[in-house]
Amino acid sequence: MPRTAKTVEVPAIGELDRHAGQLSLQLAQALRAAIHKGELKAGDLLPSTRVLASALRLARGTVLAAFEQLTAEGFLESQPGSGTRIALSLHRQPPAQANSPDICDIPLSRQAQALAQFASQLQPLPPVPFTVSVPINDTAPDDVWRRLGNRIRARGPGAPAGYGEPLGALPLRKAVCEYVRKSRSVHCTPEQVIITAGTQQGLYLATQILLDAGDTAWVEDPAYHGITAIFNSAFRDRVMARVPVDAEGIDVAAGRKIAPQAKAVFVTPSHQYPLCMPMSMSRRLELLAWAKQQRAWIVEDDYDSEMRYSGHPFPSLQGLDPARVIYLGTFSKILFPSLRLGYAIVPKALMDAFCGARVLMDRHPPSADQHVLASFIAQGHLDRHIRRMRGVYAEKRRVLTEAIHAHISAELAVLHPSDQGMHQVLWLKAGLDDRQVARKAAEAGVAVSALSPMYAAESGKSGLILGLGGYDDQQIHRAAQQLNQVLVSLTEAG
């Protein structure tokens, strides 16, 4: 077993008042206060008197006197060859209430309250059916990723170095540019690609850059929590106009009535989240015409576009008007969520603004995984991985559909038709509260997300989001049976 290097940090005890004298008593009091506040805990090893005296610029005798005083009081204990530690007996003593770091009488700002509420909405679900996007077994990247990573991080361009480019590593931007050109009909150059920490960061940057205080943007109704929370918390001085979607996507005519002077629109045209339908071509042209008339920006979140199970994925909206559309994509869903790498394709007029905002946010994305991903794409591994993913998820979708039809009565819930994506929507019968169902299902070991909170408050419909993650057939059927029991029990109780 490898040995762990032992380092002892000098405790942060603040400055001593050298003019007041009695430095050993001051040092003892400072160490006492650090113990009471929990900054030094039972069993913590203190530096030697020689090291501490040097760090604090004190005579060693002064430190020895302080240690002897605290040892006599029971705060410290010393053993030959083991150094001086905070007394182990102190872990049984309750901390002083007045000094507890967890007690605060400062009221939270409305901003803090809104962000805390958003955090509670996006807590990750456990990796059980029907959590969305849990890429395990057949849906996880194969050993190619590991081998590329080992080589590139150790000796290649992904090895630790200085600061990276704010827009992201050039090899990855070139690879992304080629990938979206072939797969999504996106028109761009590598200079228009910005590597992000995922779609959420892209949405945040777009909201910050495209809208001034008081400006209005259209947001789909229902919509992803991540975009509505940006308006409800981080940018409450911008106005969010919720525009309903129908079978063809966002209702442009309704948007014209609700907020005709909007400066931007946030849409998921390839696969509407959460309802799964694509935006029709006539609706796309109508949206582009409105944006041109209003001189407004379109933010295209290309959610789950790769996962279409019949026919080819729909082409991007960006390809129809590259100068007006900001295109957002991510690799987290199709590879693994912890990767946290996505991209924004930005019109040339906005490049400097996006670069400046990115520098202020986190300077640049981590370098190593960017170079691994660039090689993964350039060598053709991503295309093969996506083809395999489509086959696996198509089969999971078939099994889930079969399980719902076999175990859940159509009088209780009905699947929404869809031929793409990594989740399906299960509409609940009138009277069933999807939030209550989600809580009860969690108690039964089934993970589902409620749909109604994704709507504007006055228009919520009761439904559940069922993920197609990497679960075997038995798990899916068993989870459907357990979900049925929850629905039956709530129906009988109601």
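By about how many helical turns are Arg-358 and Asp-362 separated in helix 11? In this predicted model, the two residues are four places apart in helix 11, so about one helical turn separates them. Helix 11 covers residues 351-362. The closest N and O atoms of Arg-358 and Asp-362 are 2.5 Å apart, and the pair forms a salt bridge.

One of its polar atoms lies 2.2 Å from the backbone oxygen of Ile-195. Beyond its neighbours up to four places away in sequence, Arg-358 touches several residues, including Ile-194, Ile-195 and Thr-196. Other contacts of Arg-358 include Pro-166, Gln-201, Leu-205 and His-364.

In general, the strands of a sheet pair through backbone hydrogen bonds, in either a parallel or an antiparallel manner. Strand 5 (residues 239-246) and strand 6 run antiparallel and are joined by two bridges. Asp-246 stands opposite Gly-249 of strand 6.

A further antiparallel pair is made by strand 1 (residues 76-79) and strand 2 (residues 83-86), with four bridges between them. Ser-78 has Thr-84 in strand 2 as its bridge partner. The two strands form a hairpin with three residues between them. In the turn of this hairpin, Gly-81 has a positive phi of about 85 degrees.

Salt bridges were searched for in the whole structure, and 18 were found. One of them joins the side chains of Glu-248 and Arg-283, with an N to O distance of 3.6 Å. Glu-248 is in the loop between strand 5 and strand 6, while Arg-283 is in helix 10, so this pair ties together parts that are 35 residues apart in sequence. Glu-248 is partly exposed, with 32% relative accessibility, and Arg-283 is buried at 8%. Both residues belong to a network of salt bridges that also links Asp-246 and Glu-286.

Another salt bridge is formed by the side chains of Glu-402 and Arg-398, at 3.3 Å from N to O. These two residues lie in helix 13 (residues 381-407), four residues apart, or about one turn of the helix. Glu-402 is partly exposed at 40% relative accessibility, and Arg-398 is partly exposed with a relative accessible area of 41%.

On the surface, Met-281, Leu-285 and Leu-320 form a nonpolar patch, and their accessible area together is about 280 Å². Met-281 is in helix 10, which covers residues 281-294. Its relative accessible area is 43%, and Met-281 is therefore partly exposed.

Tyr-471 is in the loop between strand 14 (463-467) and helix 15 (473-493). With a relative accessible area of 2%, Tyr-471 is buried. Its side chain reaches the backbone oxygen of Val-128 at 3.2 Å. Tyr-471 and Pro-129 are 342 residues apart in sequence, but their C-alpha atoms are 6.7 Å apart in space.

Methods. Residues are numbered from 1 along each chain as its sequence is written. This is a predicted model: local features need pLDDT of at least 70, side-chain atom pairs count only at pLDDT 80 or more; totals for chains, interfaces and linings use all residues. Side-chain values use heavy atoms; hydrogens and water are left out. Patches are made of residues with over 30% relative accessible area and no salt bridge: like charges are joined within 9 Å, nonpolar side chains (Val, Leu, Ile, Met, Phe, Trp, Tyr) within 5 Å. Accessible areas come from the Shrake-Rupley method with a 1.4 Å probe; for residues, only the protein chains shown count as cover. A salt bridge is a side-chain nitrogen of Lys or Arg within 4 Å of a carboxyl oxygen of Asp or Glu. Buried means under 20% relative accessible area, exposed over 50%, partly exposed in between (1.4 Å probe, protein chains only). Two strands pair if DSSP finds at least two bridges between them. A polar contact is a pair of N or O atoms within 3.5 Å; within protein, one must be able to donate a hydrogen and the other to accept it, and residues adjacent in sequence count only if both atoms are side-chain atoms. Contact means heavy atoms within 4.5 Å.
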